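The structure comes first, then the text.

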Amino acid sequence: MQYLKLENISKSYGEKTLFDQVSLSISRGEKIALIARNGAGKSTLLRVIAGEESPEGENAKVYLTKDVRITFLKQNPYMDLKQSILEKVMSIDNPSIQAFSNYQDAQAEGNTENAETYSRKLDQLHGWGIEAKIHGLLAQVNLQDTSQILSSLSGGQLKRLSLACVLLEEPDFLIMDEPTNHLDIEMIEWLEEYMQNPKLTLLMVTHDRYFLDRVCDQIIELERGKLQVYRGNYSSYIEKKAERSANEQVNLEKSKKLFKKELDWIRRQPQARTTKAKSRVDDFERIKDEAHKNLNADDAIIEMKSSRLGSKILEAHAVSKSFGDKQILDAFSYKFRKGERLGIVGPNGAGKSTFLNIITKELRPDGGKIIVGDTIKFGYYTQDGITIKEDKRVIDVIRDIAEYIPLDKGRKLTAERMLENFLFPRPQQQVYVSQLSGGEKRRLYLLTVLMDNPNFLILDEPTNDLDIMTLNVLEDYLLHFAGCVLIVTHDRFFLDKMVDHLFILQGNGKIKDYNGKYSEFRKEQKKTEKLAQTSPKEKSEKNLGHQERKRLKNQIRKLERDMEALEKRKKEIQTLFTDQPDMELDKMMTLSKELKEIEEKLSVCEDEWLELSE
């Protein structure tokens, strides 16, 4: 069943065309991800689909199947911060929730007539289980205290509440714009599992590549104003994208050769005097555009050099920090080594950003000390970013830091060229910061951090609002970065690719030092959790099963040793028969009898071995 169909949809802002004459259809049960670089128009397209913006174009049409419930989770949804969690949930556009809310109000007012009316309504909707469903879902997103006022919630808690609200609306078709931003890893994994419900139809924008790989069955890329559909998950998209790029490169080479040929013809001719000649001039312009197409226009190149690192990097000696009764660090000690890349993980509110601020001496510890080496130059990318004046042009933001950027081997790079390499083409460099998308501002901020030539990078949630193309480039840069890197992120793919050593904040100031990748740690953690949930009876049965397997293995090994000895004796007897043709009759009879017994024993052992092995 088709839920949505777009035909010939276009959208522009000033001279910038986001998408041009694009068409798309979405059917029931499909799980689709929309990917593109920052500023390409992903969020705008979602708003058009959700009916919050009007499409452009004479033949533009948006068809939504009648009675399909559609819900749109925005990146930063509006909330009345004066409400409590319960008040916010009870205002959700869900017939059962509305009927239950009205029923409770009527009972509180003593209005039995209205209470009876809404009671019958709940009967019709089969909605009496809605209260349990509300509290169950809120518990799953760790918002059990429904009396909390929204203004007291953290950004992560507000995001979890927004998620709970859209899921409680029970939509047929769910649209989500960066749903994993500001969620901790455990919450992302829960959402990932929830989204795999086959009844749910999903269209989302996200940069979380594990989420894309495990949830989506279709990837749609918005590139140069057009939509390209790739069937399959993110891994399949990567393979098909590589094949397509290779084919485009072949066609590009052909276009360049044809362009050269046509250029020679144009230069030999007077200005087009005939219809045929004019047609060929028109073809020449088309071929010229094809030949000069930059297939790698979206690939950023980062090649700054880092400052020299001395022998002493950074040391933490018995560092402690608390806020009231909440312990963040408890006598934490560690010495960083050259070239080390560390990840920091833990639930929201565990103190990850506080940890970074203490490391960089922006926050004083309650006890212990931080020693920073003389050669250390921090590059600190924070969640809040830096304040860039909105009325400044992009090029001026970079020029305020440096006109030239130092590269390896004594080379230099101009600010303009650096911006081009970082996905800001020359025309966009003249744009005011206020005109950039959120992701483009983040990319600009990241560039200001990297270009300052640090040798110790600290990245606090660097993946939020960055597109996959920029993430790939950042990852490539970090893998070749000679200095130290300390990363706080909820992006599991980014963690696995960037670090092989973790600090896991466990609460109450305890930090687990784990040598390995995040996926390895999570696998071990789940195994431990599963074991902890096993009942004593199950553990006993499991232990008995283990003992039984061990006993069987010992029996098999004994049989194998016995068979080896029997085979050896059998070979010895056969050799005696060969080497002693004049053997005495009595001895021959004795050996023949022994050989027969050996063969019988071997047969029994082999049968037993096969049975035990099975």
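In this predicted model, Lys510 and Asp330 form a salt bridge through their side chains, with an N to O distance of 3.3 Å. Lys510 belongs to strand S20 (residues 510-515) and Asp330 to strand S11 (residues 326-335), so the pair ties together parts that are 180 residues apart in sequence. Lys510 counts as partly exposed because its relative accessibility is 45%; Asp330, at 35%, is also partly exposed.

The count of salt bridges comes to 32. Among them are the pairs tabulated here.

| Pair | N to O distance |
|---|---|
| Glu221 and Lys241 | 3.0 Å |
| Lys510 and Asp330 | 3.3 Å |
| Arg399 and Glu403 | 3.9 Å |

In the pair of Glu221 and Lys241, Glu221 is in strand S8 (residues 218-223) and Lys241 in helix H9 (residues 234-268), so parts 20 residues apart in sequence are tied together. Both Glu221 and Lys241 are buried.

Arg399 and Glu403 have 3.9 Å between their closest N and O atoms. Arg399 is partly exposed, with a relative accessible area of 33%, and Glu403 is partly exposed with 44%. Elsewhere, salt bridges with shared partners join Glu221, Glu223, Arg224, Lys241 and Arg244 into one network.

Arg549, Lys553, Arg557 and Arg561 make up a positive surface patch. Arg549 is located in helix H19 (residues 536-579).

A polar atom of the Thr360 side chain is 3.3 Å from the backbone oxygen of Asn357. Thr360 counts as buried because its relative accessibility is 13%, the cut-off being under 20%.

Note on methods:
Residues numbered from 1 in each chain as written. Predicted model: local features only at pLDDT ≥ 70, side-chain atom pairs only at ≥ 80, totals over all residues. Heavy atoms only, no water. Patch = residues over 30% accessible without salt bridge, like charges linked within 9 Å, V, L, I, M, F, W, Y side chains within 5 Å. Areas by Shrake-Rupley, 256 points an atom, 1.4 Å probe, with all protein chains shown as cover. Salt bridge = Lys/Arg side-chain N within 4 Å of Asp/Glu carboxyl O. Lys, Arg positive; Asp, Glu negative; His and termini not counted. Charge placed at Lys NZ, Arg CZ, Asp CG, Glu CD. Helix = DSSP H or I, 4+ residues; strand = E, 2+ residues; numbered from the N terminus. Buried < 20%, exposed > 50% of the residue type's maximum accessible area, 1.4 Å probe, protein only. Polar contact = N/O pair within 3.5 Å; in protein donor to acceptor, adjacent residues only side chain to side chain.
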